[in-house]
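Here's a quick run through a predicted model, done as questions and answers. Have the structure open while you read.

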Amino acid sequence: MPINERVLQLNEKPINEKARYVLYWMQMFKRTSHNHSLTWAIRKANEMKLPLVAYEGLKYYYPWASDRLHTFILEGVEEKRKEFERLGIRYIFYLQNDESSPKNTVAKLAKDAALIVTDDFPCFIIPGHNRHIAERAEIAVHAVDSNGIIPMSKFDKEEYAAYTIRPKIRKLLPNYLKPFAEETVEIDSTNIDIDASFETIVTANRIAELVSHCDIDHSVTPSHVYHGGTANGRKRLKKFVEEILPDYDNARNKPDRDGSSRLSAYLHFGFLSPLEIALAVQEAEAPQESKDAYLEELIVRRELSYNMTRHNPKFDSLAALPDWVHKTMRVHADDEREVTYTLEELEAGQTHDELWNACQREMVRTGEMHNYVRMLWGKNVIAWSRSYEEAFETLVHLNNKYCLDGRNPNSYAGILWCFGKHDRPWMERPVFGQMRYMTSGSTGRKFDSKKYIQWTKMLG
Ligand SMILES: Cc1cc2nc3c(=O)[nH]c(=O)nc-3n(C[C@H](O)[C@H](O)[C@H](O)COP(=O)(O)OP(=O)(O)OC[C@H]3O[C@@H](n4cnc5c(N)ncnc54)[C@H](O)[C@@H]3O)c2cc1C
């Protein structure tokens, strides 16, 4: 049930105004500024003359949980604790190690809460969390959309492609591309008496030890290139707008150069908001073509992905593809594949294609793959898999296991894009049918692929 364009009430339970505090359960927007969930929670707490408590938990059993993802999240915890303290808000972080650790912590905190405010994110484990807490809690649950610059509710159906959403975004954008109005709490809750015996105090020097005690995949190691947290995201944003953006329109297609923003992991975990990034880009000293090219990716492409996951319940399968792709897949399903590889061979980057192996190596070793080669990476897996379904599953698994920005609407839209989602039919070819075709040979000639391959071999 919508309360406004960003806020949904997820159940029909009452607000308990006699309770002790409002609870903000932070799940995806892991930041203390430019966060519509947090400002809504502050507003509600002030209206009821109650303090606000913010809670963030990290469980050990979400899909693809690993040292890499845990470390990136934990790197943002200490700064958030300090920031919440400065804002007068009690912040509780809980790292659940394994099966024997305390459970149902949100429900425990909700017992003394008037209302639960949480994040509305259209994919991965969040919709399930939100359904569960809405059923289980005895109080109202509000889910707030702080995903994009424009609220997801402004598009009431699934858009067909970038060309259908772009004019709508252009029309709406002036209302939303504005400095964010932050809110402040009227009652300080930093010393509130609360039973949070499960709380975990995270400091930078304890992260490796904390992660080592979790029952997660320790084979996917932390990134040495990307470090989590809003401060690290802002550091990269500053470098991007000052040094990289002026040549973005040209350099973003060169994986051998540091030519794109590399901010997608910060966006995925909500350490940075797209609004903060877009405003910094707008104000930067850079040619208008570069700014436009960047904002097309950050706003049009990104919000198209969120639109798909919000409105298409089959977004995590080939069923989300348009009819023309299903038709062409039926015609070409049995085409002979020149070569096929197992998941293990692909994961180890052991194919005949040196450029593909380099893309895979970059992803496995750093937690990111350059924007320009991601489609090539996906297209080759289609060519080398026994079926389209197997290719899709392999891509989702590898992308979500290794990429810091995985498990995101962009992950599903990006992978489906390799199969023709948000695209148009092209010239018919074996295996691909009318899906757009790409080869490492022609893509690799558009940049210094030897340099890129060499660079990935040197990554630790
Ligand atoms: C097979 C495949 C898998 C992908 N998996 C992911 C993923 O797991 N997570 C993810 O965030 N993106 C994914 N993408 C989209 C895109 O490749 C990444 O967003 C981009 O590589 C991030 O790098 P960057 O921040 O340097 O991008 P920039 O070039 O600096 O772009 C700026 C921002 O715009 C957005 N953006 C850029 N390209 C796209 C796009 N094609 N679709 C939607 N938004 C876009 C991202 O938020 C990005 O940070 C995938 C694309 C493909 C083809």
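Q: How many of the 15 residues of α17 are buried?
A: Buried here means under 20% relative accessible area. The residues that pass include Y388, F392 and L395, and the helix is mostly covered.

Q: Which helices do the buried residues of α17 pack against?
A: The buried set has Y388 and A391 among its members, and also Y402. Those buried residues of α17 pack against α2 (67-74), α13 (323-332), α14 (343-347), α15 (354-366), α16 (371-383) and α18 (409-418).

Q: How far apart are the end C-alpha atoms of helix α17?
A: Helix α17 covers residues 388-402, and at 1.5 Å a residue its 15 residues should span 21 Å. The model agrees with that: the end C-alpha atoms are apart by 21 Å.

Q: Which charged residue sits over the ring of Y388?
A: Y388 is one of the buried residues of α17. The charged end sitting over its ring is 5.3 Å from the ring centre, and it belongs to R337.

Q: Is strand β2 enclosed or open?
A: Y21, L23 and W25 are buried on one side, and V22 and Y24 are buried on the other. That's five of the five residues in 21-25, so β2 is largely enclosed.

Q: Which residue of β3 is the bridge partner of Y24?
A: β2 and β3 (residues 52-58) run parallel and are joined by four bridges. In β3, the partner of Y24 is A54.

Q: Which residue of β5 is the bridge partner of W25?
A: β2 also pairs with β5 (residues 113-119), in the parallel sense and over four bridges. In β5, the partner of W25 is T118.

Q: Are the rings of Y62 and F124 stacked or edge-to-face?
A: A search of the whole structure turns up 22 aromatic pairs. In this one the ring centres are 6.4 Å apart and the planes sit at 80°. Planes over 60 degrees apart count as edge-to-face, so the Y62 and F124 pair is edge-to-face.

Q: How many residues apart in sequence are the parts that Y62 and F124 tie together?
A: Y62 is in the loop between β3 and α2, while F124 is in the loop between β5 and α5 (126-136). The pair therefore ties together parts separated in sequence by 62 residues.

Terms used. Residues are numbered from 1 along each chain as its sequence is written. This is a predicted model: local features need pLDDT of at least 70, side-chain atom pairs count only at pLDDT 80 or more; totals for chains, interfaces and linings use all residues. Side-chain values use heavy atoms; hydrogens and water are left out. Helices (H or I, at least four residues) and strands (E, at least two) are DSSP runs, numbered from the N terminus. The expected span of a helix is 1.5 Å times one less than its number of residues. Buried means under 20% relative accessible area, exposed over 50%, partly exposed in between (1.4 Å probe, protein chains only). Contact means heavy atoms within 4.5 Å. Two strands pair if DSSP finds at least two bridges between them. Rings of Phe, Tyr and Trp (its six-membered ring) pair if their centres lie within 6.5 Å; planes under 30 degrees apart count as stacked, over 60 as edge-to-face and the rest as tilted. A charge sits over a ring if NZ of Lys or CZ of Arg is within 6 Å of the ring centre and within 35 degrees of the ring normal.
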